[in-house]
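Here is a short report on helix packing and chain contacts. Look at the sequence and the model first.

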There are 4 protein chains.
Amino acid sequence: MTDLRVGVVGVGVMGADHAERVVRRTAGARLVAVCDADRGRAEALAARLAPVESPGIRVVDDPLDLIAADDVDAVILASPGFAHAEQLFACLEQGKPVLCEKPLTMDAASALEVVEAEHKGGRQLIQVGFMRRFDPEYAALKELLDSGELGRPLLLHNVHRNKSVAPAFRSEMIVRDSMVHEVDVARWLFGAEITRITVHTPKPTSLVGDGVLDPQLAVFELANGAMADVEVFVNFQVGYEVRCEAVAERGSATIGLGSGVLTRAGGQWGGAMPADFRVRFEQAYDIEVQRWVDATVRGEIDGPSAWDGYAAAAVCEAGLESLQTGRPAEVVIADRGTVLG
Amino acid sequence: MTDLRVGVVGVGVMGADHAERVVRRTAGARLVAVCDADRGRAEALAARLAPVESPGIRVVDDPLDLIAADDVDAVILASPGFAHAEQLFACLEQGKPVLCEKPLTMDAASALEVVEAEHKGGRQLIQVGFMRRFDPEYAALKELLDSGELGRPLLLHNVHRNKSVAPAFRSEMIVRDSMVHEVDVARWLFGAEITRITVHTPKPTSLVGDGVLDPQLAVFELANGAMADVEVFVNFQVGYEVRCEAVAERGSATIGLGSGVLTRAGGQWGGAMPADFRVRFEQAYDIEVQRWVDATVRGEIDGPSAWDGYAAAAVCEAGLESLQTGRPAEVVIADRGTVLG
Amino acid sequence: MTDLRVGVVGVGVMGADHAERVVRRTAGARLVAVCDADRGRAEALAARLAPVESPGIRVVDDPLDLIAADDVDAVILASPGFAHAEQLFACLEQGKPVLCEKPLTMDAASALEVVEAEHKGGRQLIQVGFMRRFDPEYAALKELLDSGELGRPLLLHNVHRNKSVAPAFRSEMIVRDSMVHEVDVARWLFGAEITRITVHTPKPTSLVGDGVLDPQLAVFELANGAMADVEVFVNFQVGYEVRCEAVAERGSATIGLGSGVLTRAGGQWGGAMPADFRVRFEQAYDIEVQRWVDATVRGEIDGPSAWDGYAAAAVCEAGLESLQTGRPAEVVIADRGTVLG
Amino acid sequence: MTDLRVGVVGVGVMGADHAERVVRRTAGARLVAVCDADRGRAEALAARLAPVESPGIRVVDDPLDLIAADDVDAVILASPGFAHAEQLFACLEQGKPVLCEKPLTMDAASALEVVEAEHKGGRQLIQVGFMRRFDPEYAALKELLDSGELGRPLLLHNVHRNKSVAPAFRSEMIVRDSMVHEVDVARWLFGAEITRITVHTPKPTSLVGDGVLDPQLAVFELANGAMADVEVFVNFQVGYEVRCEAVAERGSATIGLGSGVLTRAGGQWGGAMPADFRVRFEQAYDIEVQRWVDATVRGEIDGPSAWDGYAAAAVCEAGLESLQTGRPAEVVIADRGTVLG
């Protein structure tokens, strides 16, 4: 099987990140084309990523051209939200799978048109960038709730904080660009549509421009009777923080604290121990091999060397001696300078 | 640039894991050959990984043939430790980069020969599988210690526990296969060779076969005067657990608790907040895009759909209404069955 | 100075607890009288607490008699809420200080009458049992907020959960007897009155009787523009849990996790290390001395004995030898049976 | 029963603390006499504590006079360690119960003489100040280990750190005054004597005077085959920290993290939820009542007032309205200035 040839539309922060991800950390895919309203930005990115990608990454001017290009199998849309509708229709027309950053479109009416157009085409082509569903912690929380172990979900508490945002980030964007994540999280985790929403606005922080209502406290009511609340605070000053606690009939489960799913159930609080080293160190192994591949291609070593292996062997040998004698054992090791000249 | 063509020698638990990693989660590499004393095991693995890899994965009988093969650019050695020496010499002879699982070889003398042979060849080709150096938490701890912020390191406390091991795992293996990780960790984190080691053996757990000294408590003395202790307990029953606390002149730093580096310094305990969403959710984005690529190749959608994008848009629209009015707003959403037929 | 002579009205769960507290863990006070609608309950309590209290604890039938008694200097009211108004007026009339369990009275009108009567008397005599203000964690949070270090408070998130309550605990009591604690916490921590309240009721847990709206999610708006939310869930099944996070302009602070005030500020999360052993072990010292006093009165030893002091001395002596020699030292200790016969 | 009349010998940091504890936070005891080599220090303390204690606290010059005094029922010894032996013998002679700060005496031989003298007297009178046994966390750990739930204990890891100590605090004192706590903890928790000890000394921190070996890393071997290690670091700079993890055949349990006993067992890590509000808030109730008693004696209010009770009632009344209507309810509250003039 040949690699999936991907084109990225929009290479601002998010799009550039995705482009680099395709090139450097994704198996089975190849970045073939990028496109941005700022052509210079697209060219700089292509040049930066090209060394490890051959035959190179084309820079395309018109997003619709990129979407239509023969050598593009699939598209990542990271353009501004207002451009999504036209580009999504183009993807549908071309029959090309597309990963579209949120929001799908700017309002419900145009989003519904997109849904209907895709449905008419007879094949699902669009995935929306609600990436929390892929976070291992969120995924584990979803699995726990679906298992029924905690009983029926009743309440969901969410916290969504950014260190700070540009002054141009207005009250409406707090709803449409930030809170939209928790909208998806609530629908997905609890498996029901949201039927009513109340957005409360406490007196705003003074560390934000006039007229921006930040933080906001929203309450969602779901079709199944459950409820959710969410604090969105995009000028929190401290750092980025996303947390979520689901409260169910027989316990609660919290994620976003960094140590997996923290449950409160059966009289206990806590979490699961990893079953083995692959669970605990999977990411370390992935990074080890990716960096070894990258360094090998460059003709370098980027990790523990043969000397490190030798030194460890010398210590273990002394350790075995101590294990047998019960006494301290001296480590006999060659002089590094002498050996490696 | 073409992909690095990798061959894997030994496809037991660790080797099969590495093989799958190369195929499914590593950019810029391609698995071309596997080899195992149990040919059936190698064939099953090749068949399982082949569907997404073309022109297929060869199964080779003799590890030395795999190492010598023209279409193998680099080798991952996951064979038993006693086979490493011969295979490493073959890699050196062929001038092929090799990622060798620990231990490098079975004793210090043979390991030194490997080091000398590589040195004679004039080019570093061997990397040893001390993968903790690539764990983001260990790497952050190393960076913190090297920054000098906590002053000179004095002590390192390590805990290394497995849920359980096969009865064949004897006292010696606890030193050579388990403790060896902490041997490397101590040397690497503190930047000094180990000069003396004492292995204490408390009365063993009764949940292990006769004569196996488990747990063990070792004390390392380093050339720079620092010390380390390590509990290795390979039949802990509870799960896998690796923790490490470095104690320095002005504070301590602990990893392995799941929430990054926990420092005690300046009168405070705690850790760093992620600066932005890319730090917190990098892994989620990686998984999102990898799964999107994989599903797209299969002609499927494996994530939030256009409907999810539409539903979120409808909720946000009501949210904007509530933001303006200060009152609850009803969410107007089309009937899913009607739209999607 | 002689001890404060205290009478307790109502010796159900809370009142019995307070009575025992006065007798066993409070310096400078003496329990002289108890009173309960169930005289047998009061007698049993008096008998249980009498051995360590002389000249004994009187059982009084009429709460108003207890309040008026010459040998009662101050009163703890732990009677049912509907009885408070009359008893409080009696305390005011007698000029006796009173610690009144919440709620002060059953409605705002009668509570205001109590306030006015006390004010007319010219001296504050009434303290209400909002005991969270005395919890070291809540007190530390208050201190932190008042310091201004985190800037102006914006939002307060509260969680208040009980394992379960009697079936007679109705929806109204969730507001009046449970949520009332967070009402006080919000007013006290943020230093402003609550001006508006919304009580949301998700679909109730199925583990509660018909018609009881549990859990509840309330939103408070404060006179200074800040807001608070509170989940009250009195049939949580898991255990008792009270948490609270204050969000301010420059960071947040959480309590109720068991490890003091957890702050998120200045790019860090964490808490303060105790400055010295008295901070960390104050409670241990208090318990040590109280138990030593209690045991001494009974003519017993209830802690580490002289033998324990001797054994520790023997180990330390060997430790000093090892410190000098750098080698293991054997501990020389007498045979306990021989010494202690 | 009348109060136990206590005399305190030595009113340095620890003794003054104990004296205040007897006066202010201990039920059933009365401080009648203090004694110190520095008479001025004793007088200042007596004066400071006298206001709440009548008929006053005598200052005695000679510790032996204090011990022999007719109005002293029991003695707290907080004098320097070298003075303990003589004072303990005096207590035994007088038949007076004594709580003796650690160390019991300065060496094993004199400690054994004390044990023998007490034994000869036929009645246990001496308790040693190993106060960790009274820390709720240590006590819970002991209870857990004794329950057998985790199987036989194998290893104990201890950390004992001080922010800093006076320059006069030498290497020997690290063993005798600091490590002695862990000596007792290991013996007590694991129920066996220590038979061998090794004190390792890494290169000392540079933030301490010449010749002081700090930190130290000791290994204890116990008579039942279990082992313990302890880091003592008395110039840690950061703060005070005492932690301890017991490793047993089926799991481990850690205390000193601030959130009770953290267990790793049965595939899970975590702790117990408090069963009810009295467990969670016992300390808050104790503080509430003690402060209410103290303030009442002074004729003051030191807690939530009647107004706070009224304001809470007003909010709850609005809450009940919202509960019924499902809509926000305005809080109707009188003007404080008008009511309270």
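Which elements do the buried residues of α1(C) pack against? They pack against β1 (4-9), β2 (29-35), α2 (39-49), β4 (74-77) and α8 (277-297) of chain C, together with α8 (277-297) of chain D. Those buried residues are C:Gly15, C:Ala16, C:His18, C:Ala19, C:Arg21, C:Val22, C:Val23 and C:Arg25. Buried means 20 or more other C-beta atoms within 10 Å of the residue's own, with C-beta atoms placed from the backbone.

This is a predicted model: local features need pLDDT of at least 70, side-chain atom pairs count only at pLDDT 80 or more, and totals for chains, interfaces and linings use all residues. Residues are numbered from 1 along each chain as its sequence is written, while chains are lettered from A and ligands numbered from 1 in the order written.

Helix α1 (residues 13-25) of chain A packs on helix α8 (residues 277-297) of chain B at about 60°, with the axes 11 Å apart. The two are therefore oblique to each other. The crossing is right-handed. In α1(A), A:Asp17, A:His18, A:Arg21, A:Val22 and A:Arg25 meet B:Arg278, B:Tyr285, B:Asp286 and B:Val289 of α8(B). Contact means C-beta atoms, placed from the backbone, within 7 Å.

Chains C and A each put 30 residues into their contact. On the side of chain C, β10(C) gives the most, with 4 residues.

The classes on that side are these.

| Class | Side of chain C that touches chain A |
|---|---|
| nonpolar | 13 residues |
| polar | 9 residues |

Technical notes: A residue is buried if 20 or more other C-beta atoms lie within 10 Å of its own, exposed if 12 or fewer, and partly exposed in between; C-beta atoms are placed from the backbone. Two residues are in contact if their C-beta atoms, placed from the backbone, lie within 7 Å. Axes are lines fitted to C-alpha atoms, for helices over the stretch in contact, and angles run from 0 to 180 degrees between N-to-C directions. Angles under 35 degrees count as roughly parallel, over 145 as roughly antiparallel, 65 to 115 as roughly perpendicular and the rest as oblique. A crossing is left-handed if the near helix is turned anticlockwise from the far one by less than a right angle, and right-handed if clockwise. Ala, Val, Leu, Ile, Met, Phe, Trp, Tyr, Cys and Pro count as nonpolar, Asp, Glu, Lys and Arg as charged, and the others, Gly among them, as polar.
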